[in-house]
Amino acid sequence: MATSTAATGAARRAALLVIPTLVLALALRGSGAAGAGGGDCHFPAVFNFGDSNSDTGGLSSLFGAAPPPNGRTFFGMPSGRYCDGRLVIDFIAESLGIPYISAYLNSIGSNFTQGANFATAGSSIRRQNTSLFLSGFSPISLDVQSWEFEQFINRSEFVYYNKGGIYRELLPRAEYFSQALYTFDIGQNDITSSYFVYNTTEEVEATIPDLMERLTSVIQSVYMRGGRYFWIHNTGPIGCLPYALLHRPDLATPTDDAGCSVTYNKVAQLFNLRLKETVASLRKTHPDAAFTYVDVYTAKYKLISDAKKLGFDDPLLTCCGHGGGRYNFDLSIGCGGKKEVNGTSVVVGNSCADPSKRVSWDGVHFTEAANKFVFDQIVAGALSDPPVPLKRACQSKGR
C-alpha cells in the first residue's frame, strides 16, 4: 500500500512539473507581443508581490477585513486595502488599462484574467520568527508569495485548459506570464520588525545583504517561470511614519527639517542603495529581461517635506487615528478601532473630515491622495533606473 501511494504521489508530482514547462514554452513563444515595436508595451496583466503598501485584500482574506472607515474615499466601503481609497498599485493598473488586481488569497468575487496580487499586509522578505497576533507582521513572507505564484501558474493553467468554461473568463492565458509586468514593493517591514525587537542600527544593517539574496532568489524564480518585465520599488522614508517613531521613541531623535527620524531614514537609504545594486546585478545576469528600479523614497520624501506647498496639511498627522498628540496615533487603537465606553463598544479610531488633505492615513500607510501623488511622480520614469516610463518598462532590456 505504501509503495503504491508513493508511486502515485511521484506520478502526480511529475505531472505537475510538466505544467510549468509547458507554460514557460507557450509564454516565451508569445513574449514579443508586450514589447513589439517602439511604442507602449501593452502589458496584458500585472502580478504583484509586496506588503501593505500594495495589498488589495490578502491580509483581510486571511485574518479578517480591514474595518471602516478604510475605503471611504473611493470604494465607499472597506476593500481590503489599508487606505481610504486606492493604492499606487491601483493607479498602476488604471494606467495600463487593466482592472484592479484581485488578491490571490481572496476566494470570493476575484477575477485573475489580467493578473493576481500576492502582496499581504505585514509581509517581509525574511520570514518572521513570531506570529501575526504577537507582532503584527504577516506569516506570508516573500518566499511564501513566490510559492503562491508557482501554484497559481500550475493550477490556473491546468484548470484553464482542462475545465474551460467560466474559468477561461477568470484566469489568464498562458502567454500572459511572459508578457505581464511583475511589480515588487517590499522591505519596509524587514527594517521595522528588526528595530521593534530592539536590535541596534548595526544589527539591522547587517541583515540587508541577506535580504538582497532572498529577494534575488524570488525574482529569479519568477524569471524561470516566464517573467521578463520587472518594476521594483525601493522602500520609503520609514522615519516619517508615526507608528515607527512611537514604537522606538529612542530613534525618533534626531529629526530632520521635515520632522522625520534621521536614523530610520539612513537605514532605509542603505537598503535602497543595496537594492539598486541588486537590480543592476540582475540586469547583467538576465540581459533578456527588463528590470526597472523605481525610487519611491524620493517621491514620498518630496511629498512629506513639501506637503504644505503641495496643498496638504501636516504630513505626520494621522487622518484615521486616535489619541491626539503630535501624531494622533495610538499603538493599541488603530484606524476603525473600538474602545469600551461606559460598557458600550464605541469606534474611536475615526477618520478626519478631509483625507485628501492628509498624507498619513493611519500612521502606517498613505492616503489615496498621497498615493496618487507618488504614482504621478514615478509613472513617467523620472525617478527610475533606467529612466523609462511605466508603459515602456518592457523596453529596458540590457540597460
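Ser 110 sits in the loop that links helix H3 (88–96) to strand S2 (115–117); helices (H or I, at least four residues) and strands (E, at least two) are DSSP runs numbered from the N terminus. The model is predicted, so local features need pLDDT of at least 70 and side-chain atom pairs count only at pLDDT 80 or more, while totals for chains, interfaces and linings use all residues. Residues are numbered from 1 along each chain as its sequence is written, and side-chain values use heavy atoms, with hydrogens and water left out.

With a relative accessible area of 14%, Ser 110 is buried (under 20% relative accessible area, with exposed over 50% and partly exposed in between, for a 1.4 Å probe and protein chains only). Leaving aside residues up to four places away in sequence, Ser 110 touches Ser 102, Ala 103 and Leu 170, where contact means heavy atoms within 4.5 Å. The C-alpha atoms of Ser 110 and Leu 171 are separated by 9.8 Å, although these residues are 61 residues apart along the chain.

Leu 171 leads on to a pocket. Along with Phe 112, Phe 152, Arg 155 and Tyr 167, Leu 171 lies nearest the centre of the second largest pocket, which is lined by 16 residues. A pocket, on a 1 Å grid over the protein atoms alone, is an open set of points where a 1.4 Å probe fits, with protein on both sides within 12 Å along at least five of seven lines; lining residues have an atom within 4 Å of a point. The lining divides into eight nonpolar, six polar and two charged residues (Ala, Val, Leu, Ile, Met, Phe, Trp, Tyr, Cys and Pro are nonpolar, Asp, Glu, Lys and Arg charged, and the others, Gly among them, polar).

The largest pocket has 30 lining residues, and Tyr 82, Gly 136, Gly 334, Val 364 and His 365 are the closest to its centre. By class, its lining has 16 nonpolar, 12 polar and two charged residues. Helices H2 (58–63), H4 (132–135), H7 (188–196) and H10 (242–247) each supply at least two of the lining residues.

Now for the chain as a whole. The chain holds 13 helices and eight strands, and 54% of its 399 residues count as buried. Among contacts with a separation of 6 or more, 72% join residues 24 or more positions apart.
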